[in-house]
Structure formats: C-alpha cells, structure tokens
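This report is for a reader new to the structure.

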Amino acid sequence: MTAVQEKSAAAPSARPEVRRRRKRPTVGAVIVYIAAGALAVMWLLPLLWAVSTSLKSETEASLGQDIHWIPETWSLEGYRTLFERGDHLTWMINSTIVSTIVTVLTLVLCVLAAYGFSRFDFPGKNIVFGAIIAGLMVPGQALIIPLFDLVNSLKLAGTYWGLALPQVVAPVMVFILKRFFDAIPRDYEEAAKLDGAGHLRVLWNVILPLSGPIMAAVGIFTFIGSWNNFLWPLLVATDPSMMTLPVGLGVVSGGYGLFYAQNMAAAVLGALPLLIVFLIFQKQIVKGIAGVGLK
Amino acid sequence: MTVKTETPAAASAATKRPPAPTARKKRSWVGLWFVLPFTAFYALFLVWPTFLGLYYSFTDKSLTGRPASWVGLENWSEAFGDERAWSALWNTAEFTLYSTPPLVVLAIVLALLVNRARKLGWFLRMAFFAPFVVPVSVVTMIWIWIYQPDGGLLNHYLQLLGIQDAAAPTIWLQGESTAMWSVVLTTVWWTMGFNFLLYLAALQTIDPNVYEASSIDGASWWRQLWHITLPLLKRTTALVIVLQLIASLRIFDQMYLMTGGGPNRATEVAIHYIYIAGFEGYRIGYASALSYVLFVLILIVSIVQFRLFSRKED
C-alpha cells in the first residue's frame with residue numbers, strides 16, 4: 001500500500017528519468033556483461049589450449065617451449081600420426097555402435113514399460129512398479145563386481161552386447177515416460193480403438209507422435225550417458241580393438257607420453273562428437289536438465 | 001506325457017475360476033506383455049547382481065574361477081578392520097567436502113550473471129556447459145597437460161603472476177598435498193555446467209513481479225539476493241547437494257586417470273579400492289563385501305533424495 005502511494009506521489013517527476021535509465025545500459029549491466037563474458041572465455045581456455053596444442057608441430061608443442069597460443073607454424077602432424085595409428089577411428093566406431101544399441105533398446109523397452117504401467121491394470125502391477133521405483137535408488141557402480149561376474153558367465157565379456165546390455169536398465173527413464181504418458185488424455189486412444197487399432201498401433205500412432213520432445217530428451221541423455229560411460233567399458237573391454245572412445249583414450253592414449261600435439265589432437269577429436277550433438281540439440285538438453293530441477 | 005497329466009488339472013482350475021471378470025483380466029494380461037521386456041532386463045542386470053553380490057560377500061569367490069566356498073562373516077570383519085578401505089572412504093569424503101562448495105557457489109554466481117546478461121545467453125550457456133558433455137578421459141588428458149610441472153599452462157601463468165617461484169614449480173598431480181585439490185579443480189570445471197543449468201532454469205521461473213515490489217520499497221540488489229532470490233533457490237540447492245553427494249560417493253574415473261590413486265594412495269577412493277581388490281587382487285568375495293558398504297552409504301543418500309523428490313510430487 002505504502003509503496004503504491006509513494007509511487008503515485010513521486011510519479012510525475014521520476015518517471016521520465018526511470019525510462020531513460022532503462023534504455024541506456026547502466027554501469028551495473030556493463031559490469032555484468034564484462035564479468036560474464038570474461039568468465040566464459042576463461043572457462044573455455046582449457047578446450048582452446050587443447051585445440052592450440054593440437055595444431056602445433058610435435059617439436060613446437062613439446063615441454064620446455066615457450067607458452068604461446070597461436071602456433072608459429074600451423075601443423076596437422078598430430079592429427080596425421082593419430083590417423084596413421086588408426087585405433088582412434090576403431091574406438092569411435094565402437095562407441096557409436098554401443099551407444100546406439102543402448103539408446104535404441106532403452107527407448108523401446110522403457111516406452112513399452114511406461115505405456116504398460118500407464119494404461120493397464122494387471123495382477124502384480126503395483127509390486128513390479130514398486131520394485132522398479134526402488135531401482136532408482138540402487139547405485140549401479142557399487143554393483144560392478146557381481147555384474148561383471150554375471151556378464152562374464154553369460155560369455156558376453158569383450159562383446160558389444162556385454163558392453164551395451166547392462167547399460168539399458170534405466171528405471172528413471174521408465175518413471176519419466178510414465179509420468180508423461182499419464183498426462184496424455186485418453187480420448188485420443190479411445191477414438192483410435194473404435195477404429196479397430198490394436199494396443200501397439202495406438203502406442204505407435206497416437207501416443208508416440210505426442211511424445212516427441214520427451215523421447216528426444218530421453219534419447220539424447222541416454223546416448224550422452226552411454227558414450228561417456230567409463231567404468232563399465234573399462235572392465236568389459238580389455239582388448240584395445242573392443243574399447244570405447246573414453247576407455248581407449250584413457251588407457252592407451254595416456255601412453256602416447258610426450259607427444260603432446262598428438263595427445264591433444266586425440267583429445268580434440270574425442271571431444272568433438274558430443275560437442276556437435278550438444279550444439280545441435282542444445283535446446284532439448286537445456287530443457288531436459290531444467291526439468292530435473294523443476295519437477 | 002507331462003502335457004497329458006497336466007491337462008485335467010488345468011481344466012479343473014479353469015472351471016473353478018469365477019467367470020465374471022474374464023474380460024477385464026484378459027485385457028489386464030496385455031499390460032504385462034508391455035512391461036515384461038524391461039522387467040526381464042531389470043531383473044537380470046540389476047536385481048540379480050544385487051543379491052549375487054550379497055551372496056558373494058559371504059564366500060571366498062575368486063576371479064580365477066576356482067570353486068568358491070562359504071566363509072561366513074570373514075570378509076565383512078576384514079572389511080571393517082581394513083585400514084586401506086577406511087582411508088579410501090575418507091578420501092572419498094574429502095573429495096566431497098572440497099568439491100561440493102565450489103560446485104554450488106560457482107553455479108549460483110554464474111547462473112545469476114547469465115540470467116542478467118540475457119543478450120549473451122546462448123554463448124554463455126554453451127561456454128559453461130560444454131565441458132560437461134566432454135568424455136572424462138578427454139578432460140583428464142587436457143588437464144594433465146595443463147598441470148605439467150615444467151612447461152604446463154597453469155604453472156606458467158602462476159609464475160607470470162609472481163605467485164610461484166620458477167625454480168620450484170608445483171608438482172600438482174604427484175604432490176601428496178596438491179593431488180586431491182587438482183582433481184577437485186578439474187572436476188569443478190568439468191561438471192559445474194550441469195548445476196549451473198539447474199540454477200539458471202530455477203532463476204528463470206521466478207516471477208519478475210516479486211522483485212518489482214521490493215525495488216519500489218527501495219531494497220538494494222544485495223538485499224534482494226539474500227531475501228528473495230536465494231530463499232527461492234533453496235530446493236534447487238538441496239537437489240544439487242544431494243546429487244553431488246551421490247556423484248561424489250561414486251567418484252572413480254578422474255582419480256583412476258589422473259593420479260592412479262597416488263601419490264602414496266592420497267587419492268585412492270572407494271570404488272578404486274573395490275576395483276583393486278576385485279580385479280587386481282582377484283578377490284571377488286572381499287570386493288563384494290566392500291561394495292556393499294558403499295552400496296548402503298549411497299542408498300541412504302538416495303533415499304533422502306527420493307523423499308525430496310516425492311515431497312514435491314504431492
């Protein structure tokens with residue numbers, strides 16, 4: 001109340017001034033922009049340093065040389081030796097295969113399960129759903145020992161399936177998708193059912209077209225998570241030809257030793273695929289993370 | 001043969017079943033088919049290992065494949081008396097203690113800045129979040145290069161600023177007192193972007209009218225921050241801290257890649273010791289007991305998180 005009165009009392013003289021101030025950037029705003037911009041550039045420095053090093057020749061990149069950001073002689077020597085070794089490409093292909101299997105299977109299994117839990121009643125439903133919700137709290141990393149033993153006895157160690165299948169179990173995705181399906185009105189499905197569509201057809205023709213953004217979010221996060229998984233592939237893929245990119249880079253390339261140009265070329269190429277994915281899907285990723293906090 | 005003997009029993013069971021809800025039930029079994037594939041995976045790769053691990057913790061199961069025998073509580077009593085296990089747990093706690101405050105404070109500060117600097121929003125978001133999608137081994141490769149004692153980027157600038165004597169460069173990853181901090185710094189750089197986005201999303205849902213009323217009252221920017229913004233971010237902060245606790249208890253990758261747990265086991269964390277016991281010592285039984293201690297710890301934190309989530313659901 002007092003605020004309103006004060007405002008109306010001061011209005012005639014103060015208004016124009018306030019307006020002008022809003023149009024012109026204030027000192028505070030300028031400081032905010034400079035600080036934010038400077039911090040962002042600083043945050044990017046490690047990545048830029050890797051790029052810079054990767055574009056120097058091996059002698060120029062080596063220790064004991066002056067620290068300088070712009071290469072004196074631009075060189076692709078690091079990248080060339082990397083490709084001559086060939087293993088980087090192998091790991092990239094392995095990672096793509098494994099992450100694709102994980103993402104496709106996760107989407108198929110979790111969508112089916114979420115739809116089943118959302119739309120049907122069946123004996124034992126609450127028990128099964130409760131057990132899966134309990135799985136949200138089970139830390140996978142603490143189970144690596146028995147999991148490894150299991151995969152080993154299934155004769156899957158060192159295969160794509162052994163790498164991928166244990167990563168498919170994602171109770172959280174079932175939970176997220178079920179909550180989304182629950183919010184879709186049933187009227188659409190009833191109409192389709194009257195036309196004689198089966199359950200799978202309803203799911204495919206009615207539910208999925210309405211679930212584009214959530215499917216994209218689940219898919220992207222599963223893909224990124226699987227691509228960046230380190231511990232599990234470290235255990236299962238001991239043969240360099242079966243390693244994924246993070247494991248290959250960590251275990252084998254760590255041994256490139258003093259070849260820093262080559263080392264950083266590997267780092268740059270290792271970072272590139274997901275950075276591109278991120279730039280393409282920035283909107284969905286940001287929204288997906290926002291959803292974690294806002295739900 | 002077996003089919004024949006079973007048929008009458010099945011038939012009699014069918015006739016005994018009340019006929020009324022058949023239609024409903026028939027429909028309901030369909031739901032099970034939808035749920036079954038995921039549940040099968042879940043049972044095989046999550047439920048089964050959970051019990052298998054518990055069982056192994058009471059045996060002397062070995063990676064070498066020789067037959068395992070029951071040893072009772074032997075692994076468990078060894079685990080609780082194992083100094084190396086305790087020190088690994090302590091290192092894990094230490095990492096959590098060092099990394100959580102900067103990961104929370106920096107994320108809030110940067111989110112506040114970016115929320116104000118809307119015109120640079122796209123670039124700023126990208127810059128702060130980009131490291132998060134980079135694989136861990138790439139992150140560690142870059143930072144090992146930056147941390148090089150002679151000729152590394154960090155020491156170079158510290159010497160340029162006069163903070164460090166060029167004759168006595170800091171050996172970041174090999175120094176017992178600096179190794180943990182080095183891993184923490186790398187981790188903050190790598191994962192801060194996720195918390196930053198959580199905070200930014202929370203800030204952008206705050207109704208601007210909330211501020212308008214108080215600025216008319218003459219509240220300073222600082223007062224608004226303390227009395228309006230930060231209290232409204234409380235839930236996000238709780239979430240960030242719990243997620244951070246869970247992530248920290250599971251920490252392994254960075255240590256394994258940057259320090260190998262050294263120097264002198266100063267950065268050997270819980271999962272790393274489990275890994276060593278299981279895959280270098282071949283002692284699956286003992287490693288399972290160790291895993292279960294960690295399992296219970298993470299479970300406790302997760303239950304807190306779960307309650308935090310479900311309270312909001314109501």
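## Chain A overall

Buried residues account for 39% of the 295 residues in chain A; a residue is buried if 20 or more other C-beta atoms, placed from the backbone, lie within 10 Å of its own. Chain A has 16 helices and 0 strands, where helices (H or I, at least four residues) and strands (E, at least two) are DSSP runs numbered from the N terminus.

This is a predicted model, in which local features need pLDDT of at least 70 and side-chain atom pairs count only at pLDDT 80 or more, while totals for chains, interfaces and linings use all residues. Residues are numbered from 1 along each chain as its sequence is written, and chains are lettered from A and ligands numbered from 1 in the order in which they are written.

## Domains and contacts

Domain 1 (15-80) and domain 2 (86-256) divide chain A, with bounds that come from an automatic or database domain assignment. The C-alpha centres of these two domains of chain A are 38 Å apart.

Two residues are in contact if their C-beta atoms, placed from the backbone, lie within 7 Å. Of the contacts in chain A between residues at least 6 apart in sequence, 74% join residues at least 24 apart.

## Helix α12 of chain A

Helix α12 (residues 212-228) of chain A has 17 residues and should span 24 Å at 1.5 Å a residue, which agrees with its end C-alpha atoms being 24 Å apart. The expected span is 1.5 Å times one less than the number of residues. Buried residues in α12(A) include A:Ile214, A:Phe221 and A:Trp227.

## Where the chains meet

The contact takes 79 residues from chain A and 80 residues from chain B. On the side of chain B that touches chain A, helix α2 (residues 22-56) of chain B gives the largest share, 20 residues.

Terms used. A residue is buried if 20 or more other C-beta atoms lie within 10 Å of its own, exposed if 12 or fewer, and partly exposed in between; C-beta atoms are placed from the backbone.
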